[in-house]
Amino acid sequence: MTELKIAVYPGSFDPITCGHLDIIKRSCKLFDKVIVAVLNNSAKNPLFSAEEKIMMIEKCTKDFKNCTVESFDGLLVDFAKEKNADTVIRGLRAISDFEYEFQMELLNKKLNPEIETLFMVTDLNCLYISSSVVKEICRYGGDTKGLIPDEIINYVKNKIEKEC
Ligand code: PNS
């Protein structure tokens, strides 16, 4: 039996953006299975709980049959190993992402040399999108169409309205 090629796509996803979704869609074509891994213990004081993030990502990826969504705690390489994944996928938007991603790749490689990181350049139409700008636009009543997937626009809007 041939071994399945499994990849993990980790992140904060607070919330998932069109840029994240583009990376997931393309990854699903490259791997037998893609596990979107939502960081649970983020120090970033997230707006959404891990459960809410998973629910939103599942809504947007329901048509991708080889994609699953889970949360994780602790080290990413340990989660990847537990899931039999040998690839970590990260999206790159701009040079500003590179320094952090470069450090993370080297650290992950040091922690587990068997796990490879694959960088994918975010789609040109999504290069300027981040979860932080989405939340800011939403807080000031701006339109988030085209920034986050249609399936979650109302959920994100309602959550931010309640927060204000
Ligand atoms: O979407 P983000 O915030 O850029 O994702 C960052 C993430 C979740 C990939 C990163 O913080 C992570 O892997 N955290 C788990 C802890 C870990 O493994 N740290 C060591 C490598 S830096």
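Where is Phe13 found? Phe13 lies in the loop between strand 1 and helix 1, where helices (H or I, at least four residues) and strands (E, at least two) are DSSP runs numbered from the N terminus. The model is predicted, so that local features need pLDDT of at least 70 and side-chain atom pairs count only at pLDDT 80 or more, while totals for chains, interfaces and linings use all residues. Residues are numbered from 1 along each chain as its sequence is written, and side-chain values use heavy atoms, with hydrogens and water left out.

Phe13 has a positive phi of about 50 degrees although it is not a glycine. Pro15 is also placed in the loop between strand 1 and helix 1, and the peptide bond leading from Asp14 to Pro15 is cis, with omega near 5 degrees. Most residues other than glycine have a negative phi, and most peptide bonds are trans.

Of the 14 residues around the ligand (a heavy atom within 4 Å), Ser12, Lys44, Leu75, Leu76 and Arg90 come nearest. The protein covers 79% of the 540 Å² of accessible area that the ligand has on its own, by the Shrake-Rupley method with a 1.4 Å probe.

Strand 1 (6-11) and helix 4 (95-111) are the elements that give two or more residues to the shell around the ligand, and helix 4 provides the largest share, 4 residues. The shell divides into 8 nonpolar, 4 polar and 2 charged residues; here Ala, Val, Leu, Ile, Met, Phe, Trp, Tyr, Cys and Pro count as nonpolar, Asp, Glu, Lys and Arg as charged, and the others, Gly among them, as polar.

The ligand takes up the space of the largest pocket. A pocket is an open set of points on a 1 Å grid over the protein atoms alone, where a 1.4 Å probe fits, with protein on both sides within 12 Å along at least five of seven lines; lining residues have an atom within 4 Å of a point. A molecule sits in a pocket if more than half of its atoms lie within 2 Å of its grid points. The largest pocket has a volume of about 1100 Å³, the space filled by probe spheres set on the points. Of its 40 lining residues, Gly11, Ser12, Lys44, Arg90 and Tyr100 are closest to the centre. Helix 4 gives the largest share of this lining, 8 residues.
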